[in-house]
Amino acid sequence: MRRRIGDYALALLIILILNFIIPRLMPGDPLTAMYGGALVEMTPQMESYLLERYGLDKPLGEQFVVYFSNLIQGDLGYSYYFRAPVSQVLLGALPWTLLLVVTSLLVSGVLGIIWGVESAWRRGLRFDRVSLVLVMLLNGIPGFVLGILFLLLLGFFLPLFPISGGASPHMDYTGLARLADISRHLFLPALTLTLGQLPRNFLLMRSALINVKEKPYVFTARSKGLKDRLVRYRHAARGALSPVITRLGMSVGLLFTGVLFVEIVFAYPGLGHLFYVAIQYHDYPTIHGCLLLITVCVLFFNFLADWGSQKIDPRLREKDARQLLERT
Amino acid sequence: MKNKLVIGLATLLIIALAVTGISCSSSPAEDTFVETYIIGDEDGDWGYPTPYTSYPRGPGYLRLSYIFDTLVWKDSEGFTEALAKDWSFAEDELSYTFNLREGVNWHDGESFSAADVVFTYEYYEKHPSHWAQIDKIKDMEKLDEHTVKIYLEEPYAPFLNNVAGVMPILPRHIWEEVDEPEEFTTAEAVIGTGPYELEKYRREEGLYRYEANPDYYLGEPLVEQLLFIKVSDPHLALQRGDVNYAMVEAEAKGTLKNAGYEVVQGEHDFNLKLMFNHTREPFDQLEFRQAVARAIDLEKLVERALRGHGIPGSPGMISPDSYWFAGEDALPDYGQDMEKARRMIEEMGYSFQGEKFKDKDGEPLSMEILTAADYSREAEIVAGQLEELGLKIETRSAERNVVDNRIRDWNYDMAITAHGGLGGDPEIFWRFMVGESSPHLNARYDYPPLKEALQNQAREMDLSKRKELAEEVQRIFAAEIPSYTLHYPAWYFAYDETVDWFFTRDGIGVGTPLPLNKMALVDEGEEL
């Protein structure tokens, strides 16, 4: 485990350096991007004031040293565009994104696993065949199309849910009413994102289960006379779960990109929108902050998946876990 | 386990109740007094509404204009009083004297006086803000508690529009303690004298919630609670009753009108233009630029690229619905005339063989049109017409920043780009015609008669004389044609009957072309 943590730290460092360099390779510069509109003129006085304030007049190497030493002290810098400390900007958006990502991750994970198990157990039967067709159909529809579809169907023709934002703008609900308000606003975006993730989880679980279905330990469990449901979930599914969990952890990175479209379609608050605006305006400190936060989240969920799959699969707890797994 | 199940079921029940129970539509009151009014915006966030933290775009200014007042303001006709109840200009000493209103209070109850105005100027001098263009001010002095005198560096006609009518006046008793205005975002930072007080701002939700200032000196605001919110789809949001106002797509016009909304067309503040690299052959020759303009059918461009939702460009850059427009008769007409265009190019020494022009070496006369992906449709149409003229055209579509940089570095033949800002004071000409500012949008055509005409109009303090001089600028620019305006797209705004919005002459503040003038929310409204 200690070596794992070392790997994660090295990955983080490399990502930090890349995060610093790549945004600066984009053509254009922050001041033109921000003041490129027609209304406000950037006076030379204003320009030199901003260059100095943002430290953009310094050589790149020096900028990195400043960035890195501030980062170590927990200072993410000041956003050029949002005109506020980056940490404050990110912290405002993070809970919304996490709410959306974690909800979708859990729901699509649980549903995908159950559906995958049921389908694999009935491999070749009608349930399985219909499921496969449904999943393929769902997989073929891009997330934002699905989002717009829900927006129209459940937000407009049958206006059950709000179509914009994360909470009602003109009310300050508290307690349970706030929870209900947030849930109502969360429903459509989370549904869209969940359905986007579901096919992958379903297919993975289905094929993993098909692989273990004929394994001796499943056969043993069955011949012990255990109930079918018990064999299916406690024995077969548990053994098949580890690649699915790993995959779920890895899909967090994908979810963060998928969330951008969903946030735009439903005007949902969150990091996706921040990141989009930050790139548009060359707001380097915010870009760094977003990338760093996403990196940390992805690494954290990967770590969680690594740890989780070991916990779940008893075979991986053994010393030569991998070898053992290959032998079985 | 059982507990968890109960909690889960309870949550589900609450969600279900909430779904059916709470409706978030607002009902406009029949009375003149309105409780809640919601303005929908697709972008949402425009920064914390102080002069230092709002974003340097029109909507950023708009959001602070409800809180902070200026010395003068504008309505649909022109300048009106605000913190100053009247003002006069003394030509001999180049000074404006503003008589300030008495009995005005800041939102926190402190009284407003001339000391605040002088402090504001000095503060912006020390801490530049993009909403305070103070370089034309030589000095400011306080004559008494309610009179200030501002001396100008030189005659500067746009002073009222660009300075006195834009610069947000700050409360001295608060800002004199502030050393880092960019980091000043407490509740105190949004204390002004305006008709509204900021009650809530949530960046990530793009939410601004204002409460009326009942003591506003121009009358109590019509709407008690004013909100700006972020919406996913303005058209649907209006139809659902989520918002009272939104900017909408041209295609939504019909359905919204049928649903009882007022749909108004914005002023033509925004233009799409063809830029010629006049430092490069053959665009360094006036006849060639004129010939290219003659080959383009602007009506067709509006029809095909904008589906009719816009108007053809004027070679003088200013749109025909602006107060400053020179008039069609005063400007050269570059209506499509292929024959004439071909003759002009032939007279320059290019030979026309086999439907194509050849240069002196017998090579086809070829050039590139550079554009951002957003305008590739226009680029294709223009390219088609120039091909028909006999030129060999390649269109290259690139990322916006790449286009901007290549224009800045003169590394292009022709480019299609777009910008707004045409609805403000004619001083904006400077930015798009000569000099080095905003090089990616600027024709940078330093032709002495043009520069002289620009200088003359900026120094003429008499409005009607100035209008003539501004027309002269358009005439020269249109004749020299260093860039050619192709079209002005139309913008539409839809709202219910609650508030009677109007368009402001030369735009709100420095020139924001939106109908959301705060005076529409004040009792006296336009009668001021």
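Predicted model: local features only at pLDDT ≥ 70, side-chain atom pairs only at ≥ 80, totals over all residues.
Residues are numbered from 1 along each chain as its sequence is written, and chains are lettered from A and ligands numbered from 1 in the order in which they are written. Local features need pLDDT of at least 70, side-chain atom pairs count only at pLDDT 80 or more, and totals for chains, interfaces and linings use all residues, while side-chain values use heavy atoms, with hydrogens and water left out.

**Interface of chain B and chain A**

- The contact (heavy atoms within 4.5 Å) involves 64 residues of chain B and 57 residues of chain A.
- About 5100 Å² is buried between chain B and chain A, with 59% of it on carbon and sulfur atoms; buried area is the accessible area (1.4 Å probe) that two parts lose on being put together, summed over both.
- Five salt bridges are counted between chain B and chain A, a salt bridge being a side-chain nitrogen of Lys or Arg within 4 Å of a carboxyl oxygen of Asp or Glu.
- A:Asp172 and B:Lys200 form a salt bridge in which the closest N and O atoms are 3.3 Å apart.
- On the side of chain B that touches chain A, the elements giving two or more residues include helix 1 (2-21), strand 1 (34-41), strand 8, strand 9 (207-212) and strand 10 (223-230) of chain B; helices (H or I, at least four residues) and strands (E, at least two) are DSSP runs, numbered from the N terminus.
- Helix 1 of chain B supplies the largest share of that side, with five residues.
- The residues of the side of chain B that touches chain A comprise 23 nonpolar, 20 polar and 21 charged; Ala, Val, Leu, Ile, Met, Phe, Trp, Tyr, Cys and Pro count as nonpolar, Asp, Glu, Lys and Arg as charged, and the others, Gly among them, as polar.

**Domains 1 and 2 of chain B**

- Chain B is assigned domain 1 (9-65 + 181-265 + 491-521), domain 2 (72-175) and domain 3 (271-489), with bounds that come from an automatic or database domain assignment.
- The centres of domain 1 and domain 2 of chain B, taken over C-alpha atoms, are separated by 28 Å.
- Domain 1 of chain B contributes 37 residues to the contact, and domain 2 of chain B contributes 33 residues.
- Between them, domain 1 and domain 2 of chain B bury about 2900 Å², of which 66% is on carbon and sulfur atoms.
- B:Tyr52, B:Ile191 and B:Tyr217 supply 22% of the area that domain 1 of chain B buries against domain 2 of chain B, more than any other three residues.
- Zero salt bridges are counted between domain 1 and domain 2 of chain B, whereas 15 residue pairs (both at pLDDT 80 or more) are in polar contact across this interface.
- Helix 2 (58-65) and strand 8 (196-202) of chain B are the elements that give two or more residues to the side of domain 1 that touches domain 2, and helix 2 of chain B gives the most, with four residues.
- That side of domain 1 of chain B divides into 19 nonpolar, 12 polar and six charged residues.

**Salt bridges**

- Over all chains, a search of the whole structure finds 35 salt bridges.
- A:Arg53 forms a salt bridge with B:Glu183, with the closest N and O atoms 3.3 Å apart.
- A:Arg53 lies in helix 3 (residues 44-54) of chain A and B:Glu183 in the loop between helix 5 (172-175) and strand 8 of chain B, so the pair joins two chains.
- A:Arg53 is partly exposed at a relative accessible area of 26%, and B:Glu183 is partly exposed at 45%; buried means under 20% relative accessible area, exposed over 50%, and partly exposed in between (1.4 Å probe, protein chains only).
- B:Arg289 and B:Glu480 meet through their side chains in a salt bridge (3.9 Å, N to O).
- This pair links distant parts of the chain, 191 residues apart, with B:Arg289 in helix 8 (residues 286-294) and B:Glu480 in helix 15 (residues 463-480) of chain B.
- B:Arg289 counts as buried at 1% relative accessibility, as does B:Glu480 at 12%.

Methods
Polar contact = N/O pair within 3.5 Å; in protein donor to acceptor, adjacent residues only side chain to side chain.
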